[in-house]
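Welcome, and thanks for stopping by. Here is a short briefing to read alongside the structure.

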Amino acid sequence: MKLSDFTMRIYSIAIIVSVFLFWEFVCRAFDVSQFILPPPSSIIHTLYTRFGALQPHLVQTLYTTVIGFTLSVVIGTLIGGLVGTSRLAYEAIYPILVGISSIPKVALIPIFVVWMGAGTGPAIATAFAISVFPVVVNVATGLATTEPELEDVLKALGASKADIFWNVGLPRTMPYLFAAMKVAITVAFIGSITSETIAANRGIGNAMLVASSNFNMPLVFAALLMISITGVLFYTLFSIVERRFTRWATRGRDPLA
Amino acid sequence: MSSFQPASHASKAIELDGVDRVFGQDGSAVHALNDINLDVDAGDFVALVGPSGCGKSTILRILAGLEVPDSGAATVAGREVGSPAAKVGLAFQNPTMLPWLTVEANVMLPLKIVRPYRDRYQRERKRSFRDRAMGLLESVGLGQFASKYPWQLSGGMVQRANLCRALIHEPDILLLDEPFGALDQFTRESLWITMQSMWIERRPTVLLVTHDLREAAFLASRIIVMTPRPGRILEDIAVPLQRPRTIEGTYDTQSVDLCRHMRALIDSREGAI
């Protein structure tokens with residue numbers, strides 16, 4: 001069955017809305033306590049009335065997330081470039097990276113706090129630590145899987161290594177980089193918020209911690225909803241940018257439209 | 001090679017002198033090329049034919065500077081292969097167009113890399129370089145597809161663009177590695193016609209590697225028949241057919257006899273192994 005774009009969109013919105021309606025229905029039908037699971041109506045109401053109080057926390061979280069993410073993209077691309085083009089770098093750096101990425105990032109937060117004090121520093125560092133690995137892996141994969149024939153054509157023209165990198169390696173890697181960025185931005189959020197729940201007096205993570213210690217569950221869920229919406233917005237933003245720059249990789253067909 | 005060039009070399013586009021190439025180690029070594037001696041005059045169209053493993057692609061890769069011979073010397077237009085001065089145009093069976101560039105930008109790619117063009121690339125890419133690319137694309141009937149992406153074109157069209165790219169920097173030699181091998185019969189034959197008219201018009205020196213004996217007989221002025229294990233030149237045939245040649249002409253007695261002769265040569269060697 002092939003649905004038109006419009007029907008598809010209507011269906012998907014209908015499914016999303018019905019999930020929330022079901023949630024609302026369950027809460028009301030079984031008279032679930034606000035403390036256990038607040039209904040969507042109550043969460044949205046709280047989000048609306050307490051937006052002013054949550055907003056500075058959101059700004060703080062966005063700030064640490066975006067900085068951590070930007071560092072990931074820049075440093076991750078450099079490391080990925082090295083790993084993807086040099087065999088020695090691959091052999092030496094990859095095991096270290098896999099080792100580091102296997103560490104739960106929560107375990108690093110106390111160390112970051114010792115180094116940088118509580119607050120913004122550890123949040124940025126955690127966002128970076130958690131989001132750099134997908135960038136490195138994808139950039140390295142993109143470079144390492146470049147078709148040798150593409151390189152041969154340039155080599156036969158007398159192209160230098162730098163020429164090949166700028167004209168083939170880098171553009172060839174863009175779809176991989178954008179795929180990594182979509183993952184990286186969402187996990188960077190998780191990093192920042194985790195750090196804020198452990199060592200900060202500002203940020204969405206901290207706001208949630210305070211709200212839950214006051215047993216204000218609707219506010220906890222309102223903060224969660226805020227994070228989710230922001231995550232979806234970021235993901236969508238990167239998808240649009242990705243589609244704009246890597247249309248060739250999908251041969252003009254649009255998997256996300 | 002000394003930098004001194006005797007006058008008699010001036011018209012030789014390609015010189016291979018006792019070229020040897022062995023792949024692998026002692027036990028499993030494959031003698032890809034054994035004492036290859038081959039001179040090609042400037043402006044000539046030479047086809048290398050032979051079964052798989054006879055080293056014909058290796059000759060191309062050596063001339064393109066992508067492989068180094070174990071012994072012997074290879075020169076292009078009197079300059080040692082591998083030096084940036086040796087200007088080579090290359091087209092493979094798999095069209096190696098860059099999918100993120102338009103057809104026009106793909107065709108201009110060599111001008112972005114090869115000296116002296118690259119120094120003027122930023123200034124001229126919207127002017128004289130673009131005109132040059134458009135001229136080539138129009139000559140193969142792709143004028144209105146210049147701003148399309150390679151993946152929006154058919155296989156035959158991409159291969160036409162590929163030829164334009166191989167020619168745009170006016171290389172000393174044009175190296176074609178089975179460029180029409182992946183196309184269907186009709187598309188392939190229409191590309192033979194295109195290739196022939198491009199050659200008659202511009203007279204580049206062409207070295208074409210192919211499995212297709214009819215293709216060699218249609219396009220080449222001279223055919224080198226090679227034999228595998230070790231890769232060696234078996235016969236050097238001057239093609240007696242008049243130009244411009246036609247597709248019907250490939251079914252004429254003279255052309256058919258030529259193909260039959262090549263076939264028999266290759267069969268006799270295959271049978272011996």
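What follows is a tour of the two chains, and then of a few residues.

This is a predicted model, in which local features need pLDDT of at least 70, side-chain atom pairs count only at pLDDT 80 or more, and totals for chains, interfaces and linings use all residues. Residues are numbered from 1 along each chain as its sequence is written, chains are lettered from A and ligands numbered from 1 in the order in which they are written, and side-chain values use heavy atoms, with hydrogens and water left out.

**Chain A**

- Chain A has ten helices and zero strands; helices (H or I, at least four residues) and strands (E, at least two) are DSSP runs, numbered from the N terminus.
- The C-alpha trace of chain A spans about 75 × 55 × 30 Å along its principal axes.
- Of its 257 residues, 41% count as buried (buried means under 20% relative accessible area, exposed over 50%, and partly exposed in between, with a 1.4 Å probe and protein chains only).
- Chain A exposes about 13900 Å², and carbon and sulfur atoms supply 72% of that area; such areas come from the Shrake-Rupley method with a 1.4 Å probe, and for residues only the protein chains shown count as cover.
- The domain assignment gives chain A domain 1 (1-32) and domain 2 (39-250), with bounds that come from an automatic or database assignment.
- Five residues from domain 1 of chain A and five residues from domain 2 of chain A make the contact, where contact means heavy atoms within 4.5 Å.
- The centres of these two domains of chain A, taken over C-alpha atoms, are separated by 30 Å.

**Chain B**

- Eight helices and ten strands make up the secondary structure of chain B.
- The radius of gyration of chain B is 19 Å, close to the 19 Å that the globule rule gives for 273 residues, so chain B is as compact as a globular protein of that length; the radius is taken over C-alpha atoms, and the rule is 2.2 Å times the number of residues to the power 0.38.
- In chain B, 54% of the 273 residues count as buried.
- Among contacts in chain B between residues at least 6 apart in sequence, 71% join residues at least 24 apart.

**A residue in strand β1 of chain B**

- B:D17 sits in strand β1 (residues 12-23) of chain B, and its relative accessible area of 52% makes it exposed.
- Leaving out residues up to four places away in sequence, B:D17 touches B:I36, B:N37, B:G72 and B:A73.
- B:D17 and B:G72 are 55 residues apart along the chain, yet 5.5 Å separate their C-alpha atoms.

**Backbone details in the loops**

- Most residues other than glycine have a negative phi, and most peptide bonds are trans.
- A:F215 is not a glycine but has a positive phi of about 60°; A:F215 lies in the loop between α9 (204-213) and α10 (217-245) of chain A, and is exposed at a relative accessible area of 59%.
- B:E178, also not a glycine, has a positive phi of about 45°; B:E178 belongs to the loop between β7 (173-177) and α6 (185-202) of chain B, and counts as buried at 14% relative accessibility.
- The peptide bond from B:R243 to B:P244 is cis, with omega near -5°, and B:P244 is in the loop between β10 (232-238) and α8 (253-272) of chain B.
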